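Which parts form the core, and how do the helices pack?

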Amino acid sequence: MNVQHYIGGEHVPSVSGATFTALEPANNEEYLTVSAGQAEDIEAAVAAARKAFTEGPWPKMPAQQRANVLRKIADAIEKRDDQIAALECRDTGLPITQARGQAHRAAQNFRFFADVITTLGEDVYRVASAQLNYVIRKPIGVAGLITPWNTPFMLETWKLAPALAAGCPVILKPAEWSPLSASVLPEIMEEAGVPAGVFNIVHGIGEEAGAALVAHPDVPIISFTGETTTGQIIMRNAADNLKTLSMELGGKSPLLVFDDADLDRALDAAVFGVFSLNGERCTASSRVLVQDTIYEEFVARFAERASKVKVGSPDDPATELGALVHPEHYARVMEYVQIGIDEGARLVAGGSRPDHLPVGNFLSATVFADVSPKMRIFQEEIFGPVVCVTPFSTEEEALELANDTRYGLAAYLWTNNLRRTHRLAQQIESGMLWVNSQNVRDLRTPFGGVKASGLGREGGKHSIDVYTESHIVHVATEDLPISRFGVS
């Protein structure tokens with residue numbers, strides 16, 4: 001199968017003819033040839049998107065018309081739910097049941113932002129009877145969207161929906177390890193009536209296609225989801241053109257369990273929070289902090305549950321944990337397993353390839369107990385089905401442990417003490433906190449992190465803020481006094 005770029009409404013190969021191959025995570029066999037974009041391909045995509053911005057109807061279209069197109073995109077996605085899930089499953093190694101959920105969420109993204117753009121008001125300020133000030137939201141221009149390899153289709157739509165809703169033509173640069181599901185998007189956009197040049201895809205390696213997109217002077221906004229080191233590089237490279245940046249980066253999210261919590265539900269949340277989506281999720285609860293009075297019981301139950309997590313072929317509906325996305329990433333995760341053992345953490349579950357899966361990037365659900373904050377597996381993002389469990393004694397110690405990483409994306413708190421909930425909610429260093437809940441997010445709420453987990457917020461009207469500029473108009477309704485310079 002061959003996947004090309006999509007520029008100006010046409011499928012095109014790279015100018016240089018360069019390609020790369022993608023591997024199927026379940027067996028690491030090559031199954032896809034993809035055009036490898038470089039600076040000249042980005043240049044062509046920017047030209048098409050820029051023309052759509054300056055000459056096309058999309059940015060000037062009434063919000064209701066754009067919303068109608070977004071709803072048609074959602075319809076087209078839903079019509080292809082099974083196809084998209086199957087592609088995502090094969091491309092990423094995600095279990096098919098979880099891939100179906102991601103496809104459904106993708107359609108929701110477009111419907112949601114169709115509603116947002118038609119109901120979002122603009123500000124007006126009246127200065128007595130003398131002046132009227134009003135704010136116009138204007139699309140910022142061509143938007144560069146750089147997406148990660150985990151749950152790629154859903155995360156692509158997470159950026160595409162608000163950017164298109166705001167009136168911005170877009171250039172999508174999918175992750176090179178999981179480019180397949182994005183290949184469905186051109187057909188969907190054409191079916192929904194998106195004008196040529198408004199939606200563009202350039203595939204390729206991040207250091208080539210991605211870097212060219214970040215550096216291009218006619219792309220004023222970059223939205224990036226990925227790991228922190230790449231985010232730092234993007235920030236440096238975007239500085240020359242003072243681009244707007246929205247970046248959701250790495251995470252090492254804590255899940256705190258106090259001895260007054262509902263332990264059965266806390267255990268369910270801990271197991272799901274780190275092993276769903278193969279553990280390859282930015283908000284994974286990869287550090288479980290448990291009060292010492294219930295620590296040994298919790299560790300034993302956690303290890304037992306982890307040992308029963310079904311690891312299997314991604315296309316098997318019974319599979320709960322599939323194949324990691326790429327052999328390079330698999331090797332990295334396995335290296336962290338060895339690091340944990342070498343550092344003296346107690347391996348209580350997993351840590352190796354399941355015997356019944358001799359090929360592919362498979363790892364059993366892995367649990368380390370007695371992990372100290374000085375260990376690398378406590379501090380560094382592993383991004384796989386590996387979790388650290390650490391005891392604490394007091395609320396103060398729990399807070400110190402929760403904040404003792406460079407990251408601050410998400411956190412989870414399990415306690416039935418209302419005062420403790422509000423105390424910790426204000427002190428845990430994270431962009432988002434769930435209390436007595438798994439990761440269930442309303443699309444209206446802001447999403448993003450603090451510290452090394454990113455900058456900016458997306459979600460609801462916050463996403464529209466990212467892709468628009470505020471243009472303020474001051475109109476005098478009376479003759480205001482003007483100081484007269486240069487008169488005797």
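Helices here are DSSP runs of H or I with at least four residues and strands are runs of E with at least two, both numbered from the N terminus. The model is predicted, so local features need pLDDT of at least 70 and side-chain atom pairs count only at pLDDT 80 or more, whereas totals for chains, interfaces and linings use all residues. Residues are numbered from 1 along each chain as its sequence is written, and side-chain values use heavy atoms, with hydrogens and water left out.

**Nonpolar cores**

- A nonpolar core is a set of buried Ala, Val, Leu, Ile, Met, Phe, Trp, Tyr and Cys residues joined through side-chain atoms within 4.5 Å, where buried means under 20% relative accessible area, exposed means over 50% and partly exposed lies in between, with a 1.4 Å probe and protein chains only.
- The largest nonpolar core has 58 residues, and the members that touch the most others are Ile73, Phe110 and Phe199.
- Helix α4 (residues 96-119) supplies the largest share of this core, namely nine residues.
- A second, separate core holds 43 residues, among them Phe275, Val299, Tyr412 and Trp414.
- With contact taken as heavy atoms within 4.5 Å, and leaving aside residues up to four places away in sequence, Phe110 touches Leu70, Ile73, Ala74, Ile77, Thr157, Leu160, Ala161, Leu164 and Met189.

- Axes are lines fitted to C-alpha atoms, for helices over the stretch in contact, and the angles between N-to-C directions run from 0 to 180 degrees.
- Helix α2 (residues 63-79) packs with α4 at an angle of about 170 degrees, their axes being 8 Å apart.
- The pair α2 and α4 is therefore roughly antiparallel, on a scale where angles under 35 degrees count as roughly parallel, over 145 as roughly antiparallel, 65 to 115 as roughly perpendicular and the rest as oblique.
- The α2 side of this contact includes Leu70, Ile73, Ala74 and Ile77, and the α4 side includes Ala106, Phe110, Phe113 and Ile117.
- By class, the contact of α2 with α4 has 13 nonpolar, two polar and six charged residues, where Ala, Val, Leu, Ile, Met, Phe, Trp, Tyr, Cys and Pro count as nonpolar, Asp, Glu, Lys and Arg as charged, and the others, Gly among them, as polar.
- The axes of α4 and helix α5 (residues 152-166) come within 9 Å and cross at roughly 15 degrees, and the two helices are therefore roughly parallel to each other.
- The crossing of α4 with α5 is right-handed, a crossing being right-handed if the near helix is turned clockwise from the far one by less than a right angle, and left-handed if anticlockwise.
- Among the residues that meet here are Gln102, Phe110 and Phe113 of α4 and Met154, Trp158 and Leu160 of α5, and the contact divides into 13 nonpolar, three polar and one charged residues.

**From α5 to α6**

- Helix α6 (residues 185-192) and α5 have axes that come within 13 Å and cross at roughly 35 degrees, and α5 passes α6 in a right-handed crossing.
- Phe153, Glu156, Leu160 and Leu164 of α5 make this contact with Leu185, Ile188 and Met189 of α6, giving six nonpolar, no polar and one charged residues.

- Gly101 is partly exposed at 37% relative accessibility, and its C-alpha is 8.2 Å from that of Ala85, a residue 16 places apart from Gly101 in sequence.
- Gln102, also found in helix α4, counts as buried at 15% relative accessibility.
- Leaving aside residues up to four places away in sequence, Gln102 touches Thr151, Met154 and Leu277.
- Thr151 sits in the loop between β8 (143-146) and α5, is buried at 5% relative accessibility, and has a positive phi near 40 degrees although it is not glycine.

**Other buried positions**

- Asn278, in the loop between α9 (263-275) and β14, is a residue other than glycine with a positive phi of about 65 degrees, and its relative accessible area of 0% makes it buried.
- Helix α13 (residues 395-403) has Glu395, Ala398, Leu399, Leu401, Ala402 and Asn403 as its buried residues, and these pack against elements including β14 (287-291), β17 (386-392) and α14 (418-425).
- Thr421 belongs to helix α14 and is buried at 11% relative accessibility; beyond residues up to four places away in sequence, Thr421 touches Leu413, Thr415 and Val435.
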